[in-house]
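Take a walk through this structure, one feature at a time. Keep the sequence beside you as you read.

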Amino acid sequence: MRRRWLLAVITSVVAIIVTGVYALAVTPGEVVASSPERSGRSAEPAGEPSPAPKPMLTFLPEPTPTPTSAPPADPGRAAADYLAAWQAGDLSSMTGMVVDPPADFAERHRRFDTELRVSSLSLTPGEPRRQGEEAAEVPFQGVREVTGLGPWPFSSVLRLALRAGVWKVLWTPETLHPSLGDGGSLRIKETRVLRPATLTREGVPFPRDSRAGGYLTGLDDTAAELALEEVPSGRTLLASSAPQRSGTRSTISQPVQAAAARALDGMERPAAIVAVDVPTGQVRAVADTLGGKWAFNGLYPPGSTFKVVTAAALLRSGLTPESPVACPAAYTIPNFRGFSNDGGADHGTVTLTMAFAFSCNTTFVQQAYERLREDRLRAEAADSFGFREKPGLSSCRIRPHADLNELGSDAIGQNSVQASPLCMAEVAAAVASGVWKPAIMTDEPPAGSPSPVPLDAGVVAGLRTMMGAVVTQGTAAQAGLPPDTAGKTGTAEVAGAESHAWFIGYRGSLAFAVFVQNGGSGGKVAAPLAARFLKAL
């Protein structure tokens, strides 16, 4: 029953709707009837009622939509999507946005970033530029962060084309960077530059092949200097800043060290040159091919360079530079051994100055026997010139003599007398300044350093005269030493080997010692080496 009622309601609603549509379809005011003339039919018989006219259903046509196509994709949007994927490192998405990407598309991007040390990338698109209906360009700015070099800004262009209604990137190597066009490439060039932990007193690195590496730390430390370059043009696109010189300054002088190091170039024998600042005692150069820091700590017989100390003791005993003394070819200590001069030279009677200049062994042995037997020589060496066990950089020593043979040998720098090149440079500096002081490699003497020892003014004046005569008239006269140089040669005998060659001296504010291990004659080998050093300053 309920079902029949629902069907009746639905039928009524449909009828109402149809009726409404019908009413809207009839033209207002039109008589819905036809005459024979109009309808082409015979008239109905008169007097009979005409049948009700059938309604004419006329539906309005539906409007035809205007055919329109979807607007083409925006090249600016496509470019922004590509750049966003690139910035995020989404190589898979980038590949799908490119027209015919090369097989190694992703690998090229990875290799570019790896080889150029790119750690991050930021990209900013510009305004699109249409190139007709199906082509466009979008300029963009980029900044790559390059490890060790910093930010690297660049500009490039995305070229796009419309493919099947979608804008896609026409990728070329220049898209990565404009320098990659025409087969070009980019590279990181690394150059190692000197960045030492220790600098010279001037605040600059030590000279090339300084020969001082055993005495100071980090002289050969380096740092990487980076540059991003175009190939093949060689144009530098980005460069690291110059390394800061943050090393610790030493007492070494760059020009003095360079002169010492270059003076040893070509030396076949192990050798050392040590230079000391006369006023302060600071080491200004140490060039050493001996090894083991032996320029400071090695103990060698100093030979006739020790006659500076012996002469000081003799001057203190009452002799003067002008005192006449014998210089025979040979001399024998009474009841003891004999001594001779180099080459058997006999100079007869000369002043003490010339005996020193000629390096007369016989003179100094005889005078030591006559004047220095009561331990005076050892006391002079130990108390005035640092020949004793002591803290400090240098090493030198002398023992009390056991007999007159030992005294004679000690007087000419043999037997128990041993010294490092630095110790003998201290001896020369003491004559130059009038005060013995220990050599240092700091601004001030370290705690516990030996105290300075002022020398007798008359002794100092006599030694300066005598050391000057060595260069002008004596054993170093032919060495080519520059004017105003004062010094002393030494040829120290070594059992079973060639003699050591020595020359010590001073010029201006610089005192020095030159030593050539088993080098032979001091006057012929060490003194010319000293001349080469001094002339290079």
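Cysteine 423 counts as buried, at 0% relative accessibility. Buried means under 20% relative accessible area, exposed means over 50%, and partly exposed is in between, with a 1.4 Å probe and protein chains only. This is a predicted model: local features need pLDDT of at least 70, side-chain atom pairs count only at pLDDT 80 or more, and totals for chains, interfaces and linings use all residues. Residues are numbered from 1 along each chain as its sequence is written, and side-chain values use heavy atoms, with hydrogens and water left out.

Cysteine 423 has a bonded partner. A disulfide joins cysteine 396 to cysteine 423, S to S 2.3 Å. The term disulfide stands for a pair of cysteine sulfur atoms within 2.5 Å. Cysteine 396 lies in strand E17 (residues 396-397) and cysteine 423 in helix H14 (residues 421-433), so the pair ties together parts that are 27 residues apart in sequence. Helices (H or I, at least four residues) and strands (E, at least two) are DSSP runs, numbered from the N terminus. The link of cysteine 396 and cysteine 423 is right-handed, with 85° about the S-S bond. Cysteine 396 is buried too, at 5% relative accessibility.

How many disulfides are there by this rule? The count comes to two. In the other one, cysteine 327 and cysteine 360 have their sulfur atoms 1.9 Å apart. This pair links distant parts of the chain, 33 residues apart. Cysteine 327 sits in strand E13 (residues 324-327). Cysteine 360 sits in the loop between helix H10 (352-357) and helix H11 (361-371). The link of cysteine 327 and cysteine 360 is left-handed, with -90° about the S-S bond. Cysteine 327 is buried, at 0% relative accessible area, and cysteine 360 counts as buried at 1%. Number the bonded cysteines in sequence order, and the pairing reads 1-2, 3-4.

Now turn to the nonpolar cores. A nonpolar core is a set of buried Ala, Val, Leu, Ile, Met, Phe, Trp, Tyr and Cys residues joined through side-chain atoms within 4.5 Å. In soluble globular proteins, nonpolar side chains tend to be buried together. Here the largest core has 110 residues. Phe385, Phe387, Leu463, Leu481, Phe503 and Phe533 have the most contacts inside it. H14 gives the largest share of this core, 10 residues. A second, separate core has 36 residues, including Val98, Trp152, Val169 and Leu228.

Helix H12 (residues 376-385) is next. Its Leu377, Glu380, Ala381, Ala382, Ser384 and Phe385 are buried. The buried residues of H12 pack against several elements, among them helix H9 (307-317), helix H13 (404-411), H14 and helix H15 (457-472). Just after H12, glycine 386 takes a positive phi of about 80°.

Strand E23 is enclosed. Seven of the seven residues of E23 are buried, so the strand is largely enclosed by the rest of the structure. Leu510, Phe512, Val514 and Val516 point one way from E23. Ala511, Ala513 and Phe515 point the other way.

Which strands pair with E23? Strand E11 (residues 271-277) runs antiparallel to E23, joined by seven bridges. Strand E22 (residues 497-507) also pairs with E23 in the antiparallel sense, over seven bridges. Two strands pair if DSSP finds at least two bridges between them. E22 and E23 form a hairpin with two residues between them. In the turn, glycine 508 has a positive phi of about 65°.

Beyond E23 comes glycine 520. Glycine 520 is found in the loop between strand E23 (510-516) and helix H16 (522-535). Glycine 520 is buried, with a relative accessible area of 8%. Leaving aside neighbours within four places in sequence, glycine 520 is in contact (heavy atoms within 4.5 Å) with Thr491, Glu498, Ser499, His500 and Ala501. Its C-alpha atom is separated by 9.0 Å from that of glutamate 493, 27 residues apart along the chain.
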